[in-house]
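Hi,

Here is the structure I said I would pass on.

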Amino acid sequence: MVLASLREALGLLRAMPVIWLTGLATGTIGVTEILLQYYVGGFFAGRAAILQLVILPFFLAGSLGAIKTGDGRLAAFLASARHGYFRVLLPLAVVLAAALLTLFLAMIPVSLLSGGAMAAASLVVPGVLVPFAFFTYFTDAAAVLDDRKVLDSIRRSIEFTLQHTLATLLFFLVNLAILFGALIMTLLAWSILLEEQLAPLTRMNATELAALTPADLTGLVGAGGIWITAAMTFLLLTCCGTFVVAYRACFFRRHGAAAAATPSQGEFDSKGRWYRY
């Protein structure tokens, strides 16, 4: 079903253009952060990054609602976005708060045992964020496609992942392979477009390259390079953001439908309670 969901998602990208609004919103926020970082500073860029936590759930709810109903009209997208906004926002806020709290609590003992915060972060951050992302990845899909409430959508995502662990692992591998391929192609195009600006990097040794800071790289590419970087980032985030939403929804819906169509084996007891074998 992983490949069947992939084919269905690619078909949706062509048949339902309205779901590209989510990708366009993702790309716009990413470009805004880059331009604010260059022209204004990191303070405002960081605040813009926080805004995506408030803005993106609106577009996620709209796209998932459109996929659920099969209605590709803009009016239907906006109606689904308004109806499902808090259904998507609140569970994601709960998951984020739980992940940050777990990180904070885990950092204290690990930093004491490892002898430093940096060493602790290298162990704790992936050890906490990867499981959180794996088990709660379908929270927004459960909230909209299954019409679940806040905590129930989180529970449903965890339940779905546990029930389809191998398929979910394969889904993530396919997803990551496609996103990694898109990133490599974008970086290749970016390096070709900025060949002249990046030429000094080819004359640096390993020590000089390791000492480069983001500010050094920004000064190297210049204002024109920043706008090219922003354009390439917009293209990448728009395409990947739209694809991720469609692929996740198709995978979740297909497996959920298959589970619903498969009757469970069991029997009723004398009091009418169902016991599954």
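This is a predicted model: local features need pLDDT of at least 70, side-chain atom pairs count only at pLDDT 80 or more; totals for chains, interfaces and linings use all residues.

**What I found**

Mean pLDDT for the protein chain is 85, with 86% of residues at 70 or more. One stretch to treat separately is residues 260-264, where the pLDDT is below 50; apart from near neighbours in sequence, that stretch has two contacts in the model.

On the overall fold: there are eleven helices and two strands in the protein chain. Of the 277 residues, 37% are buried. If you take contacts between residues at least 6 apart in sequence, 70% of them link residues at least 24 apart.

Now for the surface. Which residues form a nonpolar patch there? They are I50, L51, L53, V54, I55, L96 and L100, and together they have about 610 Å² of accessible area. Two helices, helix 3 (42-69) and helix 4 (74-114), each contribute at least two residues to the patch. Helix 3 gives the largest share, with five residues, while L100 is one of the patch residues and sits in helix 4.

That's what I have for now.

Cheers

Methods: Residues are numbered from 1 along each chain as its sequence is written. Side-chain values use heavy atoms; hydrogens and water are left out. Patches are made of residues with over 30% relative accessible area and no salt bridge: like charges are joined within 9 Å, nonpolar side chains (Val, Leu, Ile, Met, Phe, Trp, Tyr) within 5 Å. Accessible areas come from the Shrake-Rupley method with a 1.4 Å probe; for residues, only the protein chains shown count as cover. A salt bridge is a side-chain nitrogen of Lys or Arg within 4 Å of a carboxyl oxygen of Asp or Glu. Helices (H or I, at least four residues) and strands (E, at least two) are DSSP runs, numbered from the N terminus. pLDDT is the predictor's confidence in each residue, from 0 to 100. Contact means heavy atoms within 4.5 Å. Buried means under 20% relative accessible area, exposed over 50%, partly exposed in between (1.4 Å probe, protein chains only).
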